[in-house]
2 protein chains.
Amino acid sequence: MRATVIHAPRDIRVEEVADPRIQEPTDVVVRVLRACVCGSDLWAYRGESAREPGQRIGHEFLGVVEEAGAGVQGFVPGDLVVAPFVWSDGTCAYCADGLTTSCDRGGFWGSAGSDGGQGEAVRVPYADGTLVGLPAAAASDDRLLTALLSLSDVLGTGHHAALGAGVTPGSTVAVVGDGAVGLCGVMAAKRLGAGRIIALGRHRTRTDIARGFGATDVVAERGEAAVAAVRELTRGEGAHGVIEAVGTEQSMRTAFGIVRDGGSIGYVGVPHGSGTGVDLGAMFDRNIALRGGVAPVRTYIPELLPDVLDGTIDPSPVFDLTVGLDGVPGGYKAMDERTALKVLVKP
Amino acid sequence: MRATVIHAPRDIRVEEVADPRIQEPTDVVVRVLRACVCGSDLWAYRGESAREPGQRIGHEFLGVVEEAGAGVQGFVPGDLVVAPFVWSDGTCAYCADGLTTSCDRGGFWGSAGSDGGQGEAVRVPYADGTLVGLPAAAASDDRLLTALLSLSDVLGTGHHAALGAGVTPGSTVAVVGDGAVGLCGVMAAKRLGAGRIIALGRHRTRTDIARGFGATDVVAERGEAAVAAVRELTRGEGAHGVIEAVGTEQSMRTAFGIVRDGGSIGYVGVPHGSGTGVDLGAMFDRNIALRGGVAPVRTYIPELLPDVLDGTIDPSPVFDLTVGLDGVPGGYKAMDERTALKVLVKP
């Protein structure tokens with residue numbers, strides 16, 4: 001089959017690789033219908049996260065079960081399924097607690113030795129713990145299928161950030177980061193009842209999506225000017241909760257600058273760079289909580305799925321460029337250059 | 001009157017100072033019955049926190065209202081009252097939210113220009129917002145009066161840490177720090193229903209108090225060995241919640257080492273030193289929350305007071321040395337040398 005492989009920074013290729021096959025009785029093989037490129041894939045693309053030459057890449061996909069191991073109980077060939085970006089056994093103490101990302105037997109698609117999502121098919125370990133079934137009818141609804149793909153990462157990650165930010169009905173939330181995760185954070189905050197949602201961003205196409213997802217205010221300034229603008233909007237106090245969906249020192253500093261005393265920063269941007277932007281002294285004096293991390297999206301899918309299916313929320317607008325497998329390298333380039341927000345892949 | 005003054009690191013004196021008087025109609029003057037020395041006072045004593053020469057010191061006291069300003073509605077001369085370590089107006093948006101430590105008009109006893117708790121009397125700003133009345137009968141109960149003094153800081157701070165650590169009924173909590181706050185953290189965790197409480201400490205007198213307060217396990221090791229010991233006690237996973245009641249880089253590192261993935265660190269040790277011990281990458285990968293800060297103890301007193309009054313909890317054992325005002329400098333020395341856990345002052 002054909003799959004996306006990263007050989008070196010900025011060297012993304014689509015190549016012929018070995019077909020995935022059942023290796024353990026708990027495996028299934030999924031034929032990929034939709035995959036995509038994640039902002040966090042760009043850290044590997046840019047060389048900021050190390051990869052072994054030849055590693056697969058891509059961690060978001062949905063598709064149809066092609067073959068199921070003898071021990072798989074929940075899925076049969078033909079089932080439409082979505083995969084969270086981490087596989088997990090579904091049975092350990094962490095999985096029982098909903099922290100599937102800490103599963104001892106879990107792992108990330110595209111890690112060394114595993115398949116990546118940006119390919120024709122994927123071997124899925126611990127299928128019963130990992131996958132979530134989707135209604136078969138969705139397969140013929142292009143818009144819905146795209147919306148459901150967001151359950152693989154960005155929607156659940158936005159939801160995780162909103163939980164970390166402590167969104168409550170009527171609260172004021174500010175969102176740092178206008179990528180797909182930040183935009184899904186806006187949507188998740190709205191879904192949880194936030195009364196006011198301030199999106200930070202300067203790209204009109206993105207802030208228009210933010211408004212469509214529920215943002216009540218847009219702040220185009222950056223850095224200190226952004227902090228001043230958010231405080232101006234919030235009686236000088238800042239937002240009760242802040243979603244940090246970038247992962248740089250500067251974005252974390254901005255988050256600290258715009259959070260109200262006693263508030264929470266829900267951070268889901270993968271930390272990278274040398275500085276963290278975390279000011280423990282300010283956290284202490286102002287009682288700011290810092291919560292978040294790698295989102296256990298598997299746990300959130302059952303809660304979010306009905307709202308996507310019935311159209312209560314529609315995250316599909318975060319995908320603004322569609323490519324086939326051959327277009328994946330170009331898709332990385334487009335996202336790196338910010339000419340695309342998020343690239344949808346139809347293998 | 002006589003009060004404690006800090007002139008320089010390790011230069012604590014008890015001197016004649018101007019009598020406090022009503023300056024604003026919202027003031028009262030409190031004659032101090034009980035005060036004490038806090039572990040955080042030692043940072044000033046050791047020169048790790050800057051103080052102006054001649055600044056008052058001490059931020060924990062209870063006593064009797066001697067005089068009340070014309071605008072004070074809740075207190076009259078003769079009332080027995082306890083003061084939280086921060087004064088607050090009780091009317092601003094932050095006070096309404098219970099975050100009295102962020103009150104715009106609030107301040108710390110012993111800050112430049114204000115009275116400190118370690119003296120014969122204190123001018124209390126915003127008395128209606130700041131003070132909490134105590135039953136008059138408590139004044140004649142020496143043990144109870146000492147227990148009530150803990151409401152001024154250490155008990156409420158321990159409670160804040162336990163909330164930050166996310167203590168829930170049946171959960172496992174580990175406590176880093178065997179000072180009065182750490183011990184009160186043990187008591188608060190027990191009060192909130194923790195099923196297992198692991199106290200880290202090697203001083204038998206302190207760990208005995210910890211056991212009396214509810215600790216089910218004591219770990220005497222330090223650093224990496226302490227981490228290994230706590231993990232050994234928790235199936236290798238760590239504690240659901242960790243109370244960090246020291247404030248050093250090493251203590252925070254220990255807290256991160258012993259917290260379970262998905263757990264919370266409730267930190268109330270005043271951060272000091274150059275490093276924070278906060279590992280954002282580990283926080284991200286393991287979904288560890290960091291919550292806490294300067295405790296809004298004024299907000300907690302109404303909840304904790306009944307349990308102290310009826311003897312459900314008795315924090316008085318944290319005071320193991322009693323001095324008069326003249327003994328205050330010696331009390332600092334004893335706490336600095338760890339021959340005393342917490343010094344009670346009877347002016």
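Are Trp87(A) and Trp109(A) buried or exposed? Both are buried (under 20% relative accessible area, with exposed over 50% and partly exposed in between, using a 1.4 Å probe and protein chains only).

This is a predicted model, where local features need pLDDT of at least 70, side-chain atom pairs count only at pLDDT 80 or more, and totals for chains, interfaces and linings use all residues. Residues are numbered from 1 along each chain as its sequence is written, chains are lettered from A and ligands numbered from 1 in the order written, and side-chain values use heavy atoms, leaving out hydrogens and water.

**View 1. A tilted tryptophan pair, Trp87(A) with Trp109(A).** Over all chains there are 10 aromatic pairs (Phe, Tyr or Trp rings, the six-membered one for Trp, with centres within 6.5 Å; planes under 30 degrees apart are stacked, over 60 edge-to-face, the rest tilted). Here the ring centres of Trp87(A) and Trp109(A) sit 5.1 Å apart with planes at 50°, so the pair counts as tilted.

**View 2. The open sheet E2-E1-E4 of chain A.** Its three strands (DSSP E runs of at least two residues, numbered from the N terminus) pair antiparallel; pairing takes at least two DSSP bridges. Strands E2 (11–16) and E4 (55–56) of chain A are at the edges with a single partner strand each, so one side of each has no neighbour in the sheet.

**View 3. Where E1 meets E4 in chain A.** Two bridges join strand E1 (residues 2–8) of chain A to E4(A). Look for Val5(A), whose bridge partner in E4(A) is Arg56(A).

Terms used
Helix = DSSP H or I, 4+ residues; strand = E, 2+ residues; numbered from the N terminus.
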